[in-house]
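Q: Pick one spot in this structure and take me through it up close. I'd like the surroundings first, then the wider chain.

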Amino acid sequence: MSVSLAEDLDSVAALGAVGWGDRGHVRDVLAATLVKKQSQRTTFDALFDVYFPALVGDGVAHRGDSSSADGDEDDSPRGAAVRDNAAALQAFRDQLAEALQSDDQQQLARLAAQMVGTFGAMPGRGPGLSSWSAYTALQRVAPQELVDRIVAGLLAEVGDEGRETEVRRLANRRVGAFATMVEDDARRRIAEEKGPDHVADVAIRPSIDKLAFTAARRSDLEEMRRQIFPLARRLATRLTKEHHAHRRGALDFRRTVRASIATGGVPLTTHHRPKRPHRTDLVVLCDVSGSVANFAQFTLLFVFALRESFQSMRAFTFIDHVHEVTEHLRPGSDPVEVLENLAAASSYAALWGRTNYGRAFTKFEAEHLDALGPKTTLLILGDARSNYSDLEDATLRRLAGSVRRSYWLNPEPESSWGAGDSAARTYQEIVPMVECRNLTQLQELVHDLL
(Lines give C-alpha, C1' and ligand atoms only; values in the text may rest on other atoms or scores of the structure.)
Protein backbone atom coordinates (compact mmCIF):
# COMPACT_ATOMS: atom_id res chain seq x y z
CA MET A 1 0.00 0.00 0.00
CA SER A 2 1.52 3.29 -1.08
CA VAL A 3 1.90 5.93 1.65
CA SER A 4 3.33 9.41 1.13
CA LEU A 5 5.56 11.36 3.51
CA ALA A 6 2.73 13.83 4.16
CA GLU A 7 0.45 10.99 5.24
CA ASP A 8 3.19 9.66 7.51
CA LEU A 9 3.41 13.04 9.21
CA ASP A 10 -0.38 13.23 9.53
CA SER A 11 -0.48 9.82 11.23
CA VAL A 12 2.22 10.79 13.75
CA ALA A 13 0.44 14.05 14.54
CA ALA A 14 -2.88 12.22 15.00
CA LEU A 15 -1.29 9.61 17.27
CA GLY A 16 0.22 12.42 19.31
CA ALA A 17 -3.30 13.74 19.86
CA VAL A 18 -5.01 10.47 20.86
CA GLY A 19 -2.09 8.62 22.46
CA TRP A 20 -0.51 5.20 21.97
CA GLY A 21 -2.02 3.40 24.95
CA ASP A 22 -4.86 1.59 23.17
CA ARG A 23 -4.06 -0.74 20.25
CA GLY A 24 -7.53 -0.27 18.76
CA HIS A 25 -7.07 3.52 18.76
CA VAL A 26 -3.69 3.19 17.06
CA ARG A 27 -5.24 0.98 14.36
CA ASP A 28 -8.10 3.42 13.73
CA VAL A 29 -5.83 6.47 13.63
CA LEU A 30 -3.45 4.86 11.14
CA ALA A 31 -6.37 3.70 9.01
CA ALA A 32 -7.92 7.18 9.02
CA THR A 33 -4.68 8.86 7.94
CA LEU A 34 -3.13 6.25 5.60
CA VAL A 35 -5.97 4.33 3.90
CA LYS A 36 -7.31 6.11 0.85
CA LYS A 37 -10.13 3.78 -0.24
CA GLN A 38 -12.50 1.45 1.58
CA SER A 39 -11.32 -1.43 -0.62
CA GLN A 40 -7.85 -1.12 0.96
CA ARG A 41 -9.08 -1.51 4.56
CA THR A 42 -8.96 -5.32 4.60
CA THR A 43 -5.36 -5.29 3.40
CA PHE A 44 -4.49 -2.59 5.93
CA ASP A 45 -5.96 -4.58 8.84
CA ALA A 46 -3.98 -7.68 7.86
CA LEU A 47 -0.76 -5.66 7.56
CA PHE A 48 -1.38 -3.96 10.91
CA ASP A 49 -1.79 -7.33 12.65
CA VAL A 50 1.46 -8.61 11.10
CA TYR A 51 3.59 -5.57 11.99
CA PHE A 52 1.87 -4.75 15.33
CA PRO A 53 0.67 -8.14 16.66
CA ALA A 54 -1.66 -8.35 19.64
CA LEU A 55 0.23 -11.43 20.92
CA VAL A 56 3.77 -12.76 20.92
CA GLY A 57 4.14 -16.53 20.68
CA ASP A 58 1.31 -18.18 22.62
CA GLY A 59 0.54 -14.96 24.50
CA VAL A 60 1.03 -14.00 28.13
CA ALA A 61 -1.90 -16.12 29.33
CA HIS A 62 -0.37 -19.28 27.85
CA ARG A 63 2.96 -18.64 29.57
CA GLY A 64 1.35 -18.49 32.99
CA ASP A 65 0.94 -21.43 35.33
CA SER A 66 1.82 -24.49 33.29
CA SER A 67 0.08 -27.00 35.52
CA SER A 68 -3.10 -27.37 37.52
CA ALA A 69 -3.39 -28.04 41.25
CA ASP A 70 -3.10 -31.83 40.87
CA GLY A 71 0.04 -31.56 38.76
CA ASP A 72 -1.62 -32.43 35.44
CA GLU A 73 -1.52 -30.15 32.42
CA ASP A 74 -4.29 -27.63 32.26
CA ASP A 75 -6.46 -28.15 29.18
CA SER A 76 -8.08 -24.71 29.43
CA PRO A 77 -7.13 -22.00 26.94
CA ARG A 78 -5.42 -20.09 29.78
CA GLY A 79 -3.09 -22.96 30.64
CA ALA A 80 -0.06 -24.33 28.90
CA ALA A 81 -0.30 -25.94 25.49
CA VAL A 82 -2.40 -29.08 25.62
CA ARG A 83 -1.33 -32.39 24.17
CA ASP A 84 -2.41 -33.04 20.62
CA ASN A 85 -4.52 -36.16 21.10
CA ALA A 86 -8.12 -37.27 20.63
CA ALA A 87 -9.20 -36.34 24.18
CA ALA A 88 -7.62 -32.89 23.93
CA LEU A 89 -9.20 -32.34 20.52
CA GLN A 90 -12.67 -33.24 21.79
CA ALA A 91 -12.27 -31.02 24.87
CA PHE A 92 -11.14 -28.15 22.68
CA ARG A 93 -14.10 -28.56 20.32
CA ASP A 94 -16.48 -28.46 23.30
CA GLN A 95 -14.92 -25.19 24.51
CA LEU A 96 -15.06 -23.77 20.98
CA ALA A 97 -18.75 -24.64 20.57
CA GLU A 98 -19.58 -22.87 23.84
CA ALA A 99 -17.55 -19.79 22.89
CA LEU A 100 -19.15 -19.61 19.43
CA GLN A 101 -22.63 -19.97 20.91
CA SER A 102 -22.02 -17.15 23.41
CA ASP A 103 -20.01 -15.11 20.86
CA ASP A 104 -17.33 -14.37 23.47
CA GLN A 105 -14.75 -12.55 21.33
CA GLN A 106 -11.96 -12.59 23.93
CA GLN A 107 -12.39 -16.32 24.50
CA LEU A 108 -12.51 -16.94 20.73
CA ALA A 109 -9.25 -15.00 20.24
CA ARG A 110 -7.56 -17.14 22.92
CA LEU A 111 -8.94 -20.33 21.39
CA ALA A 112 -7.71 -19.29 17.93
CA ALA A 113 -4.17 -18.83 19.28
CA GLN A 114 -4.34 -22.17 21.14
CA MET A 115 -5.76 -23.95 18.11
CA VAL A 116 -2.92 -22.85 15.83
CA GLY A 117 -0.26 -23.56 18.45
CA THR A 118 -1.59 -27.03 19.25
CA PHE A 119 -3.28 -28.40 16.15
CA GLY A 120 -1.56 -26.34 13.42
CA ALA A 121 2.09 -26.71 14.47
CA MET A 122 4.44 -28.29 11.94
CA PRO A 123 8.22 -28.74 11.74
CA GLY A 124 9.99 -25.92 9.94
CA ARG A 125 12.18 -26.24 6.85
CA GLY A 126 15.39 -25.83 8.84
CA PRO A 127 16.81 -27.02 12.16
CA GLY A 128 15.29 -25.23 15.10
CA LEU A 129 12.58 -23.65 12.95
CA SER A 130 8.83 -24.04 13.38
CA SER A 131 5.90 -23.46 11.12
CA TRP A 132 2.15 -23.20 11.48
CA SER A 133 -0.69 -23.95 9.16
CA ALA A 134 -4.17 -22.50 9.55
CA TYR A 135 -5.41 -25.05 7.01
CA THR A 136 -4.11 -27.98 9.08
CA ALA A 137 -5.61 -26.57 12.29
CA LEU A 138 -9.00 -25.99 10.65
CA GLN A 139 -8.97 -29.48 9.14
CA ARG A 140 -8.19 -31.06 12.52
CA VAL A 141 -10.75 -29.12 14.57
CA ALA A 142 -13.34 -28.79 11.76
CA PRO A 143 -15.33 -25.91 13.31
CA GLN A 144 -17.82 -26.08 10.42
CA GLU A 145 -19.03 -29.40 11.83
CA LEU A 146 -20.05 -27.59 15.04
CA VAL A 147 -22.70 -25.51 13.27
CA ASP A 148 -25.54 -27.90 14.18
CA ARG A 149 -24.55 -27.79 17.88
CA ILE A 150 -24.39 -24.00 17.80
CA VAL A 151 -27.75 -23.75 16.03
CA ALA A 152 -29.37 -26.08 18.59
CA GLY A 153 -27.99 -23.99 21.46
CA LEU A 154 -29.08 -20.69 19.93
CA LEU A 155 -32.58 -22.01 19.15
CA ALA A 156 -32.90 -23.16 22.76
CA GLU A 157 -32.03 -19.62 23.86
CA VAL A 158 -34.52 -17.86 21.55
CA GLY A 159 -37.19 -20.54 21.92
CA ASP A 160 -38.43 -20.16 18.35
CA GLU A 161 -37.96 -23.13 15.99
CA GLY A 162 -39.28 -21.05 13.08
CA ARG A 163 -36.09 -18.96 13.05
CA GLU A 164 -33.79 -21.88 12.25
CA THR A 165 -32.73 -20.50 8.84
CA GLU A 166 -31.83 -17.13 10.33
CA VAL A 167 -29.99 -18.74 13.25
CA ARG A 168 -28.07 -21.06 10.92
CA ARG A 169 -26.86 -18.09 8.89
CA LEU A 170 -25.72 -16.44 12.13
CA ALA A 171 -23.87 -19.61 13.19
CA ASN A 172 -22.13 -19.86 9.82
CA ARG A 173 -21.04 -16.22 10.06
CA ARG A 174 -19.55 -16.82 13.51
CA VAL A 175 -17.70 -19.91 12.34
CA GLY A 176 -16.39 -18.00 9.31
CA ALA A 177 -15.20 -15.13 11.52
CA PHE A 178 -13.42 -17.61 13.80
CA ALA A 179 -11.71 -19.22 10.80
CA THR A 180 -10.41 -15.76 9.87
CA MET A 181 -9.02 -15.39 13.42
CA VAL A 182 -7.18 -18.69 12.99
CA GLU A 183 -5.69 -17.57 9.66
CA ASP A 184 -4.62 -14.25 11.21
CA ASP A 185 -2.91 -16.03 14.12
CA ALA A 186 -1.03 -18.39 11.79
CA ARG A 187 0.23 -15.36 9.83
CA ARG A 188 1.29 -13.69 13.09
CA ARG A 189 3.33 -16.71 14.19
CA ILE A 190 5.00 -17.08 10.78
CA ALA A 191 5.85 -13.36 10.86
CA GLU A 192 7.63 -13.89 14.19
CA GLU A 193 9.71 -16.66 12.62
CA LYS A 194 10.41 -15.21 9.18
CA GLY A 195 9.77 -11.51 9.64
CA PRO A 196 6.74 -9.35 8.80
CA ASP A 197 8.14 -8.26 5.43
CA HIS A 198 8.17 -11.88 4.22
CA VAL A 199 4.56 -12.45 5.28
CA ALA A 200 3.44 -9.13 3.80
CA ASP A 201 4.93 -10.15 0.44
CA VAL A 202 3.68 -13.74 0.20
CA ALA A 203 0.73 -14.27 2.54
CA ILE A 204 -1.40 -11.11 2.53
CA ARG A 205 -3.83 -10.59 -0.30
CA PRO A 206 -3.32 -7.19 -1.95
CA SER A 207 -6.07 -4.59 -2.14
CA ILE A 208 -8.72 -5.17 -4.79
CA ASP A 209 -7.12 -2.80 -7.31
CA LYS A 210 -3.79 -4.70 -7.07
CA LEU A 211 -5.27 -8.22 -6.96
CA ALA A 212 -4.52 -10.34 -10.03
CA PHE A 213 -7.59 -11.18 -12.15
CA THR A 214 -6.56 -14.84 -12.30
CA ALA A 215 -6.28 -15.08 -8.48
CA ALA A 216 -9.62 -13.42 -7.69
CA ARG A 217 -12.31 -15.30 -5.77
CA ARG A 218 -16.04 -14.85 -6.33
CA SER A 219 -16.32 -12.15 -3.66
CA ASP A 220 -13.30 -10.38 -5.19
CA LEU A 221 -14.92 -10.44 -8.63
CA GLU A 222 -18.05 -8.82 -7.25
CA GLU A 223 -15.97 -6.07 -5.65
CA MET A 224 -14.10 -5.58 -8.93
CA ARG A 225 -17.40 -5.07 -10.74
CA ARG A 226 -18.27 -2.31 -8.29
CA GLN A 227 -14.86 -0.70 -8.85
CA ILE A 228 -14.94 -0.71 -12.66
CA PHE A 229 -17.22 2.27 -13.34
CA PRO A 230 -15.82 4.61 -10.62
CA LEU A 231 -12.36 3.76 -11.98
CA ALA A 232 -13.49 4.58 -15.51
CA ARG A 233 -14.98 7.90 -14.38
CA ARG A 234 -11.73 8.90 -12.67
CA LEU A 235 -9.76 7.97 -15.78
CA ALA A 236 -12.14 9.96 -18.00
CA THR A 237 -11.71 13.02 -15.75
CA ARG A 238 -7.94 12.62 -15.84
CA LEU A 239 -7.92 12.32 -19.62
CA THR A 240 -10.08 15.43 -20.00
CA LYS A 241 -7.68 17.48 -17.87
CA GLU A 242 -4.68 16.22 -19.83
CA HIS A 243 -6.31 16.97 -23.17
CA HIS A 244 -7.19 20.50 -22.04
CA ALA A 245 -3.59 21.03 -20.92
CA HIS A 246 -2.35 20.05 -24.38
CA ARG A 247 -4.96 21.74 -26.55
CA ARG A 248 -2.42 23.70 -28.53
CA GLY A 249 -1.33 22.19 -31.81
CA ALA A 250 1.88 22.75 -33.77
CA LEU A 251 3.47 26.18 -33.99
CA ASP A 252 1.95 28.40 -36.68
CA PHE A 253 5.16 30.03 -37.91
CA ARG A 254 3.53 32.48 -40.32
CA ARG A 255 1.12 33.95 -37.74
CA THR A 256 3.89 34.13 -35.15
CA VAL A 257 6.20 36.10 -37.51
CA ARG A 258 3.36 38.40 -38.56
CA ALA A 259 2.52 39.16 -34.92
CA SER A 260 6.19 39.92 -34.16
CA ILE A 261 6.07 42.99 -36.44
CA ALA A 262 4.23 44.85 -33.68
CA THR A 263 7.13 44.16 -31.28
CA GLY A 264 10.02 45.11 -33.57
CA GLY A 265 10.45 41.62 -34.99
CA VAL A 266 10.76 39.97 -31.57
CA PRO A 267 8.29 37.02 -31.34
CA LEU A 268 7.00 37.71 -27.83
CA THR A 269 3.73 35.91 -28.55
CA THR A 270 3.58 32.55 -30.27
CA HIS A 271 0.59 31.32 -32.22
CA HIS A 272 -0.35 27.69 -32.73
CA ARG A 273 -2.56 25.86 -35.14
CA PRO A 274 -5.76 24.50 -33.61
CA LYS A 275 -5.33 20.91 -32.54
CA ARG A 276 -7.64 18.56 -34.35
CA PRO A 277 -9.62 16.40 -31.95
CA HIS A 278 -8.93 12.73 -32.47
CA ARG A 279 -10.76 9.78 -31.03
CA THR A 280 -9.76 6.19 -31.51
CA ASP A 281 -11.63 3.64 -33.60
CA LEU A 282 -11.20 0.63 -31.33
CA VAL A 283 -11.46 -3.06 -32.18
CA VAL A 284 -11.11 -5.52 -29.28
CA LEU A 285 -10.33 -9.19 -29.88
CA CYS A 286 -10.36 -11.18 -26.65
CA ASP A 287 -9.79 -14.74 -25.52
CA VAL A 288 -12.63 -15.87 -23.22
CA SER A 289 -11.40 -19.35 -22.35
CA GLY A 290 -10.74 -20.69 -18.86
CA SER A 291 -9.24 -18.40 -16.23
CA VAL A 292 -8.63 -15.68 -18.85
CA ALA A 293 -12.39 -15.14 -19.14
CA ASN A 294 -12.60 -12.95 -16.04
CA PHE A 295 -9.76 -10.75 -17.28
CA ALA A 296 -11.37 -10.41 -20.73
CA GLN A 297 -14.81 -9.59 -19.33
CA PHE A 298 -13.50 -6.93 -16.93
CA THR A 299 -11.37 -5.34 -19.63
CA LEU A 300 -14.34 -5.24 -22.00
CA LEU A 301 -16.52 -3.77 -19.27
CA PHE A 302 -13.89 -1.13 -18.49
CA VAL A 303 -13.57 -0.19 -22.15
CA PHE A 304 -17.37 -0.15 -22.38
CA ALA A 305 -17.48 2.36 -19.51
CA LEU A 306 -15.15 4.60 -21.56
CA ARG A 307 -17.03 4.15 -24.84
CA GLU A 308 -17.61 7.92 -25.21
CA SER A 309 -13.83 8.37 -25.47
CA PHE A 310 -13.80 6.31 -28.69
CA GLN A 311 -15.01 7.27 -32.15
CA SER A 312 -16.37 3.75 -32.59
CA MET A 313 -15.91 0.40 -30.91
CA ARG A 314 -16.34 -3.20 -32.02
CA ALA A 315 -15.67 -6.21 -29.78
CA PHE A 316 -15.07 -9.87 -30.67
CA THR A 317 -14.55 -12.91 -28.44
CA PHE A 318 -12.90 -16.19 -29.34
CA ILE A 319 -11.75 -19.56 -28.09
CA ASP A 320 -11.21 -21.31 -31.41
CA HIS A 321 -13.96 -19.45 -33.26
CA VAL A 322 -14.68 -15.69 -33.48
CA HIS A 323 -17.98 -14.20 -32.31
CA GLU A 324 -18.89 -10.51 -32.34
CA VAL A 325 -20.33 -9.13 -29.06
CA THR A 326 -20.59 -5.44 -29.96
CA GLU A 327 -24.38 -5.56 -29.60
CA HIS A 328 -24.01 -6.26 -25.87
CA LEU A 329 -22.06 -3.02 -25.33
CA ARG A 330 -24.90 -0.64 -26.12
CA PRO A 331 -24.97 2.78 -24.39
CA GLY A 332 -27.19 2.74 -21.32
CA SER A 333 -26.92 -1.00 -20.78
CA ASP A 334 -26.76 -2.23 -17.21
CA PRO A 335 -23.19 -3.38 -16.36
CA VAL A 336 -24.41 -6.55 -14.64
CA GLU A 337 -26.51 -7.43 -17.66
CA VAL A 338 -23.56 -6.72 -19.95
CA LEU A 339 -21.34 -9.14 -18.00
CA GLU A 340 -24.04 -11.82 -18.04
CA ASN A 341 -24.49 -11.44 -21.79
CA LEU A 342 -20.74 -11.57 -22.39
CA ALA A 343 -20.47 -14.74 -20.30
CA ALA A 344 -23.36 -16.33 -22.21
CA ALA A 345 -21.85 -15.30 -25.54
CA SER A 346 -18.63 -17.19 -24.81
CA SER A 347 -20.34 -20.44 -25.86
CA TYR A 348 -20.53 -19.10 -29.43
CA ALA A 349 -16.76 -18.50 -29.45
CA ALA A 350 -15.91 -22.21 -29.40
CA LEU A 351 -16.32 -25.06 -31.84
CA TRP A 352 -14.13 -27.70 -30.16
CA GLY A 353 -13.55 -25.91 -26.86
CA ARG A 354 -9.73 -25.75 -27.06
CA THR A 355 -8.04 -22.37 -27.35
CA ASN A 356 -6.55 -21.89 -30.80
CA TYR A 357 -5.16 -18.42 -31.49
CA GLY A 358 -4.05 -19.28 -35.00
CA ARG A 359 -7.52 -20.42 -36.05
CA ALA A 360 -9.10 -17.38 -34.37
CA PHE A 361 -6.84 -14.97 -36.29
CA THR A 362 -7.57 -16.77 -39.56
CA LYS A 363 -11.34 -16.68 -38.98
CA PHE A 364 -11.19 -13.01 -37.99
CA GLU A 365 -9.30 -12.13 -41.18
CA ALA A 366 -11.75 -14.11 -43.31
CA GLU A 367 -14.99 -12.84 -41.73
CA HIS A 368 -14.35 -9.48 -40.05
CA LEU A 369 -11.49 -7.81 -41.90
CA ASP A 370 -13.79 -4.86 -42.65
CA ALA A 371 -13.61 -3.92 -38.94
CA LEU A 372 -9.96 -2.84 -39.37
CA GLY A 373 -8.68 0.25 -41.13
CA PRO A 374 -5.81 2.77 -41.19
CA LYS A 375 -7.40 4.75 -38.31
CA THR A 376 -8.14 1.71 -36.14
CA THR A 377 -6.47 0.61 -32.91
CA LEU A 378 -6.48 -3.18 -32.45
CA LEU A 379 -6.50 -4.41 -28.83
CA ILE A 380 -5.90 -8.14 -28.24
CA LEU A 381 -6.64 -9.66 -24.81
CA GLY A 382 -5.37 -13.10 -23.83
CA ASP A 383 -2.59 -15.23 -22.37
CA ALA A 384 -1.31 -16.42 -25.79
CA ARG A 385 -1.57 -20.09 -24.75
CA SER A 386 -2.63 -21.88 -27.91
CA ASN A 387 -2.36 -25.59 -26.97
CA TYR A 388 0.61 -26.12 -29.32
CA SER A 389 -1.54 -25.39 -32.39
CA ASP A 390 -0.43 -23.54 -35.54
CA LEU A 391 0.16 -19.93 -34.45
CA GLU A 392 -0.59 -18.30 -37.84
CA ASP A 393 1.84 -15.52 -36.99
CA ALA A 394 1.83 -14.38 -40.63
CA THR A 395 -1.92 -13.76 -40.36
CA LEU A 396 -1.44 -11.73 -37.20
CA ARG A 397 1.28 -9.73 -38.94
CA ARG A 398 -1.15 -8.84 -41.74
CA LEU A 399 -3.82 -7.80 -39.21
CA ALA A 400 -1.37 -5.63 -37.26
CA GLY A 401 -0.08 -4.08 -40.48
CA SER A 402 -3.55 -2.97 -41.57
CA VAL A 403 -4.25 -0.80 -38.47
CA ARG A 404 -2.85 2.41 -37.02
CA ARG A 405 -1.76 0.83 -33.73
CA SER A 406 -2.00 -2.56 -32.05
CA TYR A 407 -1.54 -3.70 -28.45
CA TRP A 408 -1.71 -7.02 -26.63
CA LEU A 409 -2.68 -7.18 -22.95
CA ASN A 410 -1.56 -10.40 -21.24
CA PRO A 411 -2.88 -11.30 -17.73
CA GLU A 412 0.03 -13.67 -17.04
CA PRO A 413 3.24 -12.46 -15.37
CA GLU A 414 5.96 -11.78 -17.92
CA SER A 415 8.13 -14.47 -16.32
CA SER A 416 5.63 -17.08 -17.60
CA TRP A 417 5.66 -15.91 -21.22
CA GLY A 418 7.07 -18.57 -23.48
CA ALA A 419 6.73 -21.35 -20.90
CA GLY A 420 4.83 -24.50 -21.88
CA ASP A 421 2.32 -23.85 -24.66
CA SER A 422 2.66 -20.05 -24.36
CA ALA A 423 3.31 -18.35 -27.72
CA ALA A 424 3.74 -14.96 -26.09
CA ARG A 425 7.34 -14.53 -27.22
CA THR A 426 6.42 -15.22 -30.85
CA TYR A 427 3.41 -12.91 -30.86
CA GLN A 428 5.33 -10.25 -28.92
CA GLU A 429 7.61 -9.77 -31.93
CA ILE A 430 4.57 -8.80 -34.01
CA VAL A 431 2.31 -6.91 -31.56
CA PRO A 432 3.63 -4.97 -28.54
CA MET A 433 2.64 -7.10 -25.53
CA VAL A 434 2.33 -5.77 -21.98
CA GLU A 435 1.51 -7.43 -18.66
CA CYS A 436 -1.95 -6.54 -17.37
CA ARG A 437 -2.80 -8.44 -14.19
CA ASN A 438 -4.97 -6.09 -12.12
CA LEU A 439 -7.24 -3.05 -12.20
CA THR A 440 -4.39 -0.59 -11.58
CA GLN A 441 -2.39 -1.84 -14.56
CA LEU A 442 -5.55 -1.94 -16.67
CA GLN A 443 -6.28 1.72 -15.90
CA GLU A 444 -2.76 2.84 -16.84
CA LEU A 445 -2.71 0.79 -20.05
CA VAL A 446 -6.08 2.11 -21.26
CA HIS A 447 -4.87 5.64 -20.41
CA ASP A 448 -1.87 5.11 -22.70
CA LEU A 449 -4.15 3.65 -25.35
CA LEU A 450 -6.24 6.83 -25.39
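A: Contact here means heavy atoms within 4.5 Å. This is a predicted model, so to speak: local features need pLDDT of at least 70, side-chain atom pairs count only at pLDDT 80 or more, and totals for chains, interfaces and linings use all residues. Residues are numbered from 1 along each chain as its sequence is written, and side-chain values use heavy atoms, with hydrogens and water left out.

Let's go for aspartate 390. You'll find aspartate 390 in the loop between strand S8 (376–381) and helix H15 (393–401); helices (H or I, at least four residues) and strands (E, at least two) are DSSP runs, numbered from the N terminus. Skip the neighbours within four places in sequence, and aspartate 390 is in contact with Asn356 and Gly358. Glycine 358 sits 32 residues away along the chain, yet its C-alpha atom is 5.6 Å from that of aspartate 390.

Aspartate 390 counts as exposed because its relative accessible area is 55%, and exposed means over 50%, buried under 20%, partly exposed in between (1.4 Å probe, protein chains only). Zooming out, buried residues make up 42% of the 450 residues in the protein chain, which has 17 helices and 10 strands.
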